[in-house]
Amino acid sequence: LDPSSFEIILNVKDASVTYDKEFPAIHNIDASLKIRPDKILIESKKGQTLTTAIKHAKLLIPFKDNEKFEIEGEALGSVSDAIAFIPKEVEKEILNSGINLKNMSGEALTKLTIKFPFKENLEEKDFEIFIDSDAS
């Protein structure tokens with residue numbers, strides 16, 4: 001099929017996503033879901049995880065080899081909420097370096113971009129991760 005031959009658009013309100021038992025769920029999602037022959041694009045202007053407001057988020061799921069999954073988002077909330085998304089093994093490494101995350105408080109505006117290829121057997125080197133966070 002020609003990628004421009006059709007598009008299905010669904011608008012979702014007050015949805016929830018639980019994607020991994022290690023990480024907090026996301027609730028109150030308002031998003032548009034666009035399904036095309038070559039990809040799925042989900043864009044959201046609203047959501048919440050713990051006490052953090054998700055200002056926007058985008059998920060691109062490609063169906064072609066050599067294209068990349070893309071996850072982008074921006075959230076404003078407590079530093080403790082942001083810490084809840086740090087994998088436990090990474091949190092241990094940070095603690096071993098002398099930083100105790102449990103003592104951190106305040107608010108954080110965090111921007112996140114993750115890209116990885118659409119392929120089997122992903123390795124750590126396949127991921128492009130960009131995090132920009134301002135805490136106060």
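Tyr-19 counts as partly exposed because its relative accessibility is 43%, where partly exposed lies between buried (under 20% relative accessible area) and exposed (over 50%), for a 1.4 Å probe and protein chains only. The model is predicted, so local features need pLDDT of at least 70 and side-chain atom pairs count only at pLDDT 80 or more, while totals for chains, interfaces and linings use all residues. Residues are numbered from 1 along each chain as its sequence is written, and side-chain values use heavy atoms, without hydrogens and water.

A pair of aromatic rings is described by the distance of the centres and the angle of the planes. Rings of Phe, Tyr and Trp (its six-membered ring) pair if their centres lie within 6.5 Å; planes under 30 degrees apart count as stacked, over 60 as edge-to-face and the rest as tilted. The whole structure holds three aromatic pairs. In one of them, Tyr-19 and Phe-23 are stacked, at 6.4 Å centre to centre and 20° between the planes. Phe-116 and Phe-127 form a tilted pair, because their planes stand at 40°, with the centres 5.0 Å apart. Phe-116 is buried, at 14% relative accessibility, whereas Phe-127 is partly exposed, at 33%. Together with Phe-69, Phe-116 and Phe-127 form one aromatic cluster.

Seven strands form an open sheet in the order 1-2-3-4-5-6-7, with antiparallel pairing; strands are DSSP runs (E, at least two residues) numbered from the N terminus, and two of them pair if DSSP finds at least two bridges between them. Seven bridges join strand 1 to strand 2 (residues 26-36), and Val-12 stands opposite Ala-31 in strand 2.

Key:
Helix = DSSP H or I, 4+ residues; strand = E, 2+ residues; numbered from the N terminus.
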